[in-house]
Amino acid sequence: MPTLSGMLFCADCGAKLYQVRHRGWEHDKEYFVCATYRKVKGGCSSHQIRNVVVEELLLGGIRQITAYARDCESEFVQMVTSKTRTALDKSLRDNKRELEQAQARITKLDDIIQRLYEDNLSGKISDERFAKMTANYEAEQHTLESRVVELKGTMTAEHDSALNVDRFLALVQKYTDIQELTAEMIREFVEKILVYKAECIDGKRVQHIKIVYNCIGEFTPPATEATQEQEKSA
């Protein structure tokens, strides 16, 4: 059976979904549930979803996107490149802004600490007060410095992980006639799957999932723009 363990995440709290299965159960009874819901009372809702439902939606999604990429390759490349570049540019702008603000604050804190040192030497503030205030500012500075390192790493990774449409197209050529899922196929095509809280709409249980693909991120072919969902009787 295809393995989905480690691939599903709660769309609300971000935790992984935990696989639930018992001896004697048929595969269609196995399901996933939010890890936070299991571990923290009131921490999140269950987000429970059966394996077979995810597998069905995943198979349909992979078949649709590979068919579109194969039949409309130039349009596919253009759409994915444009979408990813827009998202990447926004992320880089936001990270650059935060990085500049953090660096400016670190410099300002240096000035503040220096003034405190001078005030302490001149007797304007006591040793005890100086120690307490500088400890607080140095702690803030340390946190900001760690964040600067993290932001720089993120920005470098975003540049280095720039879109790899060619790799995805190679996968499309590798799997020309997809009839069923395999664990290898899931790992090659999918980065993660976000599972949303189920809702009751018109007496039916409706639950949305979002598939994030390797190399291209979230993508829905134009002919299938409707959000993927499961509908089961409540």
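I take contact to mean heavy atoms within 4.5 Å, and with that in hand I looked up Leu8, which touches Ala15, Lys16, Leu17, Phe32, Ile49, Val54, Ile193 and Val195 once residues up to four places away in sequence are left out. I note at the start that this is a predicted model.

**Entry: overall layout**

I went through the secondary structure and found six helices and eight strands in the chain, which follow one another along the sequence as β-β-β-α-β-α-α-α-α-α-β-β-β-β. I then looked up burial, and buried residues make up 35% of the 234 residues. For the surface I noted that the chain exposes about 14200 Å², with carbon and sulfur atoms supplying 48% of that area.

**Entry: the nonpolar cores**

Which residues have the most contacts inside the largest nonpolar core? I found that they are Leu8, Ile49, Leu58 and Phe76, in a core of 41 residues. I listed the elements that each supply at least two residues of this core, and they are the strands S1 (8-10), S3 (31-34), S5 (190-195) and S7 (204-213) together with the helices H2 (51-71), H3 (73-122), H5 (165-174) and H6 (183-189). The largest share, nine residues, comes from H2. I also noted a second, separate core of 15 residues, and Leu92, Leu109, Leu116 and Ile125 are among its members.

**Entry: H2 against H5**

I looked up how these two helices pack, and their axes are 10 Å apart at an angle of about 105 degrees. Angles from 65 to 115 degrees count as roughly perpendicular, and H2 and H5 are therefore roughly perpendicular to each other. On the H2 side the contact is made by Ile65, Thr66, Ala69 and Arg70, and on the H5 side by Phe168, Leu169 and Val172. Sorted by class, these residues are five nonpolar, one polar and one charged.

I found Lys210 in strand S7, where it is partly exposed, with a relative accessible area of 25%. Leaving out residues up to four places away in sequence, Lys210 touches Lys192, Ile193, Leu194, Tyr196 and Glu218. I also checked Lys210 against Leu58, and the two are 152 residues apart in sequence but 9.6 Å apart in space, taken from C-alpha to C-alpha.

I next looked up Thr143, which lies in helix H4 (residues 127-160). Is Thr143 buried or exposed? Exposed means over 50% relative accessible area, and Thr143, at 51% relative accessibility, therefore counts as exposed. Between Thr143 and Ile106 I noted 37 residues of separation in sequence and 9.7 Å in space, again from C-alpha to C-alpha.

**Entry: two positive phi values**

I kept in mind that most residues other than glycine have a negative phi. Asp202, although not a glycine, has a positive phi of about 55 degrees. I placed Asp202 in the loop between strand S6 (199-201) and S7, and at 77% relative accessibility it counts as exposed.

Where does Cys215 lie? I found Cys215 in the loop between S7 and strand S8 (229-233). Cys215 is not a glycine either, and its phi is positive at about 75 degrees.

Methods. Residues are numbered from 1 along each chain as its sequence is written. This is a predicted model: local features need pLDDT of at least 70, side-chain atom pairs count only at pLDDT 80 or more; totals for chains, interfaces and linings use all residues. Side-chain values use heavy atoms; hydrogens and water are left out. Helices (H or I, at least four residues) and strands (E, at least two) are DSSP runs, numbered from the N terminus. Buried means under 20% relative accessible area, exposed over 50%, partly exposed in between (1.4 Å probe, protein chains only). Accessible areas come from the Shrake-Rupley method with a 1.4 Å probe; for residues, only the protein chains shown count as cover. A nonpolar core is a set of buried Ala, Val, Leu, Ile, Met, Phe, Trp, Tyr and Cys residues joined through side-chain atoms within 4.5 Å. Axes are lines fitted to C-alpha atoms, for helices over the stretch in contact, and angles run from 0 to 180 degrees between N-to-C directions. Angles under 35 degrees count as roughly parallel, over 145 as roughly antiparallel, 65 to 115 as roughly perpendicular and the rest as oblique. Ala, Val, Leu, Ile, Met, Phe, Trp, Tyr, Cys and Pro count as nonpolar, Asp, Glu, Lys and Arg as charged, and the others, Gly among them, as polar.
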